[in-house]
Amino acid sequence: MNRALIFVAKHSIALALSAMFLAPVLFLALTSLMTSNQTFTSDLWPHSWHPENYAEVFSKTPLLKYLGNTAMYAGLATGAMLLSSVPAAYALAKLRWRGRNLMMTLIICMMMLPPQVTTVPVYMLWANGHLTGTLWPLILPMLLGDAFSIFLLRQFLVTIPDEYLDAARIDGCGEWRTLLKVVLPMARPGIAAAAMFQFFYAWNDYYGPLLYTNENADNWTISLALASFRTLHHVEWHLVSAATLITMVPVIVLFFFAQKAFVQGVTLTGVKG
Amino acid sequence: MATVTLTEGRKTSALRRGARGSRRPRLVVLTFIGPALLGLIVFLGYPLVAAVYFSFTRFTLINPPEWVGLANWRYLFQDPLVGIAARNTLWLTAAMVPARIVGALLTAMLLNAMKRSRSAYRTLFYLPALAPPVTATIAFVLLLKPQTGPLDTMLRWLGIDGPRWFNDPAWAKPALVLLSLWAVGDLMIIFVAALLDVPVDLYEAASLDGANAWQKFRYVTLPTIRPVLVFATITGIIGCAQYFTQAAVAASVASNQVTGGGGVSGTFGYPQNSMLTYPMWLYTEGFRYNLFGYANVLALLLFAVSMSITVILIRRFKAFTRGES
């Protein structure tokens, strides 16, 4: 009886929270099916349904191409980040070396740096390399590590007990093999989280693509395309809403599948002890 | 058997010593951190030096910088709005960081306590965090629209006369906190992953010792997830120190409904400077008034203050020395 009560309580709280979290998304969905005129009234329910708004989004902009550009940016940036940041985070969490705390402080400095400080000098660097107008100024730096990801990964790797690493080393593993064979499988939830954040950050990034590709519509991402629905006099809310929902679909799908990596953390917990 | 243990023990200590001093492990460490180190030099060191230089110049981005000495730094004391902007940012940091951490931790614990349908709820809770910040803010402003908005309508059903949210200087910042709670999913995901790492048998041992739910949380859960809590606090402070997009969009959309005019930067701080954050003021000085030298003074100051707060936090919680094993 008691157990049933807890079950009901848990699910009612979860359902109430779901409603709260979903309301604005639902609101976007309803807006995406309205006429342009209705979006400027206070009525929430569409007077008439206009699913053709979604077709209009695709006909008004080369949205598929923008989706492709965005996927390339987000995918390559995430891959490059993992390649450079996982080893760095491992060295910061599990190896002892002089200057480790200094490097940690520098990484936090890097995160603290207001973007307005770095924008001009860094832009000048890429302009000298003739790479402005493309997305490469946003992808290539990821090969040199990403401060936020290193910090996040490091906080996760620290929680892995040292005994596992010592055991691997005693078995004759070098540091690279210890990282690949022992640390990576154990840190999967953390690595999945870091990869997802990087991917979603790039997917929704507006400031970066605006800075580097605004002049060159061939390399636009969907965030820039969303902004292009603004005409001189008003924003076309119904199209913005439709396009927003379209751009959310790939990330929702990705998230749903990436959850597996988190769930595997459960089985992992059993091994640990 | 005893000899084997002995050699193994020696091997481990040699490895540890080696990691500190000898040549090969140092090279290993360098290959691990080399790229990141180079990244820090190019994307932290160089821009920082450039920013300090620009702060002593008159720099409009069009003409080359012209040396003006301490003029920009002196202007700081005459700037009428820098104090208001700084106070707003402090207010938002003090409210948002704890609210988001508590909100994320509670939802993550609820999720982990659910057996079936966990992944469906997880996706639902995470959904708002997937929306682009600009559109999320727009949707939220319309949701909180005074009188006609869905929330006010529902509050009226309950007989409550709702606040004017983004159109009231007293309620604008709390509304921004609500918005940040709505998108708490990103932090929640981190806590979900961290909670999965708490060893189950520690809970079992605590139960055997007769610990109640609160004691298990206090003495098992909290210490285990401490590195992640520190992470959430520090990144939360960073996020608040650079808080810009949501406040700018909220001001722009909310003011349009009332006054019917103004571009984004024309409405910065609406209503009555209550949503004017420090980075917004920095942006205005630099990219709108073209006072890039002075904007760099503001940026360096922001950097120095948020850095000091973080260093104090790290010292206080000994984040990088203890709690590592």
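Trainee: In chain B, what share of the contacts with a separation of 6 or more comes from residues 24 or more positions apart?
Mentor: Keep in mind that this is a predicted model. Take the contacts in chain B with a separation of 6 or more. Residues 24 or more positions apart account for a share of 67%.

Trainee: How many helices and strands does chain B have?
Mentor: The count covers the secondary structure of chain B. Strands come to 2. Helices come to 15.

Trainee: What percentage of the residues in chain B is buried?
Mentor: Buried means under 20% relative accessible area. Chain B has 325 residues. The buried ones make up 50%.

Trainee: How many residues of helix H6 of chain B are buried?
Mentor: Helix H6 of chain B spans residues 133–143 and is mostly covered. The buried residues include B:Thr135, B:Phe140 and B:Leu143. Out of 11 residues in the helix, the buried number is 9.

Trainee: How much area do chain B and chain A bury between them?
Mentor: The contact takes 95 residues from chain B and 90 residues from chain A. Carbon and sulfur atoms carry 76% of the buried area. The total is about 8800 Å².

Trainee: Which helix gives the largest share of the side of chain B that touches chain A?
Mentor: By class, that side has 68 nonpolar, 16 polar and 11 charged residues. The largest share is 20 residues, from residues 23–54 of chain B. That is helix H2.

Trainee: How many salt bridges does the rule find across the interface of chain B and chain A?
Mentor: Polar contacts are there: the rule finds 10 residue pairs across the interface, both residues at pLDDT 80 or more. Salt bridges are another matter. Their number across this interface is 0.

Trainee: Which residue forms a salt bridge with A:Lys94?
Mentor: Side chains of opposite charge can pair when their charged atoms come close. For A:Lys94, the closest N and O atoms of the pair are 3.0 Å apart. The pair links helix H3 of chain A to helix H8 of chain A, 68 residues apart. The partner is A:Asp162.

Trainee: Is A:Lys94 buried or exposed?
Mentor: The cut-off for buried is under 20% relative accessible area. A:Lys94 has 5% relative accessibility. Because 5% is under the cut-off, A:Lys94 counts as buried.

Trainee: Which residues are linked with A:Asp162 in a network of salt bridges?
Mentor: A:Asp162 also forms a salt bridge with A:Arg96, with the closest N and O atoms 3.9 Å apart. A:Arg96 lies in the loop between H3 and helix H4 of chain A, so this pair ties together parts 66 residues apart in sequence. A:Arg96 counts as partly exposed at 28% relative accessibility. The residues linked with A:Asp162 are A:Lys94 and A:Arg96.

Trainee: Which residue meets A:Arg169 in a salt bridge?
Mentor: The N to O distance is 3.1 Å. A:Arg169 is buried, with a relative accessible area of 10%.

Trainee: How many disulfides does a search of the whole structure find?
Mentor: A disulfide needs two cysteine sulfur atoms within 2.5 Å. For A:Cys109, the nearest cysteine sulfur is that of B:Cys240, 19 Å away. A:Cys109 counts as buried at 14% relative accessibility. Over all chains, the search finds 0.

How values were computed. Residues are numbered from 1 along each chain as its sequence is written. Chains are lettered from A and ligands numbered from 1 in the order in which they are written. This is a predicted model: local features need pLDDT of at least 70, side-chain atom pairs count only at pLDDT 80 or more; totals for chains, interfaces and linings use all residues. Side-chain values use heavy atoms; hydrogens and water are left out. Contact means heavy atoms within 4.5 Å. Buried area is the accessible area (1.4 Å probe) that two parts lose on being put together, summed over both. A salt bridge is a side-chain nitrogen of Lys or Arg within 4 Å of a carboxyl oxygen of Asp or Glu. A polar contact is a pair of N or O atoms within 3.5 Å; within protein, one must be able to donate a hydrogen and the other to accept it, and residues adjacent in sequence count only if both atoms are side-chain atoms. Helices (H or I, at least four residues) and strands (E, at least two) are DSSP runs, numbered from the N terminus. Ala, Val, Leu, Ile, Met, Phe, Trp, Tyr, Cys and Pro count as nonpolar, Asp, Glu, Lys and Arg as charged, and the others, Gly among them, as polar. Buried means under 20% relative accessible area, exposed over 50%, partly exposed in between (1.4 Å probe, protein chains only).
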